[in-house]
Amino acid sequence: GRQSLDDKEYWFDDEREIRDRHWRIEPGQVVMDIGCHIGSYSIPALTAGAVVYAVDPCEPRLARLRQFWDGDPARLITVTRALAEEGGYTAEFRASLAHAAYAEFHAPAGARFSTLDGLAAEYGIARLDWVKIDVEGAELGVLRGGLETLARFRPALLIEAHDKVYEFVAAMDSERRCHDLLAGLGYEIEVVPYTRSAPRDFWVCRP
């Protein structure tokens with residue numbers, strides 16, 4: 001059966017190989033974890049000495065993350081927000097959610113939305129070294145809403161792709177559209193297959 005959304009042991013073990021190989025955070029770096037859930041990427045980044053902006057539309061999950069971190073609280077900034085392009089999820093994306101599995105992972109209709117550019121301005125972010133994006137198929141909207149931030153800071157990106165998870169994401173041609181956008185920003189993309197749980201790809205993107 002499905003794992004509990006609060007099952008720390010499961011979530012911190014899943015994707016361990018991806019984190020060990022590709023989530024290489026250094027002390028003093030600034031990280032944004034978009035779709036942070038309960039912190040399986042945020043906590044390792046904090047442990048490595050980074051400042052982490054942990055972004056998720058679900059405040060109870062952010063509360064769990066704060067419970068798990070027993071280091072300097074000033075280095076963990078939690079943001080109860082869903083990131084997308086201006087205006088939130090597109091009508092195309094929202095309509096598709098009615099037929100999507102794992103709908104509880106997506107931002108509810110009443111969630112507070114922002115763009116990555118808007119969030120960077122709101123929090124006065126002056127440095128950004130890494131961005132992790134795990135938004136259940138809404139990757140394109142996050143990237144479109146963060147063009148200025150990505151061009152300004154040139155962070156490394158670790159993106160969990162969902163074309164192989166959700167049929168509606170594949171039908172929207174999300175992977176090609178994302179890759180075209182990233183290539184236009186000068187990113188090189190390494191596609192890393194992951195098959196240990198639900199088969200999907202990760203994109204390791206470097207400017």
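Helices (H or I, at least four residues) and strands (E, at least two) are DSSP runs, numbered from the N terminus. The model is a predicted one, in which local features need pLDDT of at least 70 and side-chain atom pairs count only at pLDDT 80 or more, while totals for chains, interfaces and linings use all residues. Residues are numbered from 1 along each chain as its sequence is written, and side-chain values use heavy atoms, with hydrogens and water left out.

**Two loop residues**

- Arg75 lies in the loop between helix 4 (59–68) and strand 3 (76–80).
- Arg75 is buried, where buried means under 20% relative accessible area, exposed over 50% and partly exposed in between (1.4 Å probe, protein chains only).
- Arg75 has no salt bridge, a term for a side-chain nitrogen of Lys or Arg within 4 Å of a carboxyl oxygen of Asp or Glu.
- The nearest side chain of opposite charge to Arg75 is that of Asp72, 4.3 Å away; Lys and Arg count as positive and Asp and Glu as negative, whereas His and the chain ends are not counted.
- Not counting residues up to four places away in sequence, Arg75 touches Leu46, Gly49, Ala50, Val51, Val52 and Trp69, contact being defined as heavy atoms within 4.5 Å.
- Ser40 is found in another loop, between strand 1 (30–34) and helix 3 (42–47).
- Ser40 is buried, with a relative accessible area of 13%, and is in contact with Trp11, Phe12 and Arg19 when neighbours within four places in sequence are left aside.

- An α-helix has 3.6 residues a turn, so residues three or four places apart point the same way.
- In helix 4 the buried residues are Arg61, Leu62, Leu65 and Phe68.
- These residues lie on the same side of helix 4 because they cover an arc of only 115 degrees around the axis; the arc is that of the directions from the helix axis to the C-beta atoms.
- Pro60 and Gln67 are exposed on the other side of helix 4.
- The packing partners of the buried residues of helix 4 are helix 1 (8–13), helix 3, strand 2 (51–56) and strand 3.
- In helix 10 (residues 174–184) the buried residues are Ser174, Cys178, His179, Leu181 and Leu182.
- Their arc around the axis is only 160 degrees, which puts them on the same side of helix 10.
- Among the elements that the buried residues of helix 10 pack against are helix 7 (139–144), helix 8 (147–153) and strand 7 (156–160).

**Nonpolar cores**

- A nonpolar core is a set of buried Ala, Val, Leu, Ile, Met, Phe, Trp, Tyr and Cys residues joined through side-chain atoms within 4.5 Å.
- The largest nonpolar core has 43 residues, and those with the most contacts inside it are Met32, Ile34, Leu83, Ile133, Leu143, Leu157 and Ile159.
- Apart from it lies another core, of 27 residues, including Ile18, Ala50, Leu62 and Leu65.
- Leaving aside neighbours within four places in sequence, Leu157 is in contact with Trp130, Val131, Leu150, Leu182, Tyr187, Trp203, Val204 and Cys205.

**Salt bridges**

- The whole structure holds 15 salt bridges.
- One of them joins the side chains of Glu160 and Arg200 (2.8 Å, N to O).
- This pair links distant parts of the chain, with Glu160 in strand 7 and Arg200 in strand 9, 40 residues apart.
- Glu160 counts as buried at 6% relative accessibility, and Arg200 is buried at 5%.
- Arg16 and Asp13 form a salt bridge through their side chains (3.2 Å, N to O); Arg16 is partly exposed at 38%, and Asp13 is partly exposed at 29%.
- Another salt bridge is between Arg176 and Asp173 (2.5 Å, N to O).
- Salt bridges that share partners join Asp13, Arg16, Glu17 and Arg196 into one network.

**Cysteines**

- A search of the whole structure finds 0 disulfides, a disulfide being a pair of cysteine sulfur atoms within 2.5 Å.
- Cys58 is in no disulfide, and the nearest cysteine sulfur, that of Cys36, is 9.4 Å away.
- Cys58 counts as partly exposed at 22% relative accessibility.
- Cys205 is buried, with a relative accessible area of 0%, and its sulfur is 9.1 Å from the closest cysteine sulfur, in Cys178, too far for a bond.
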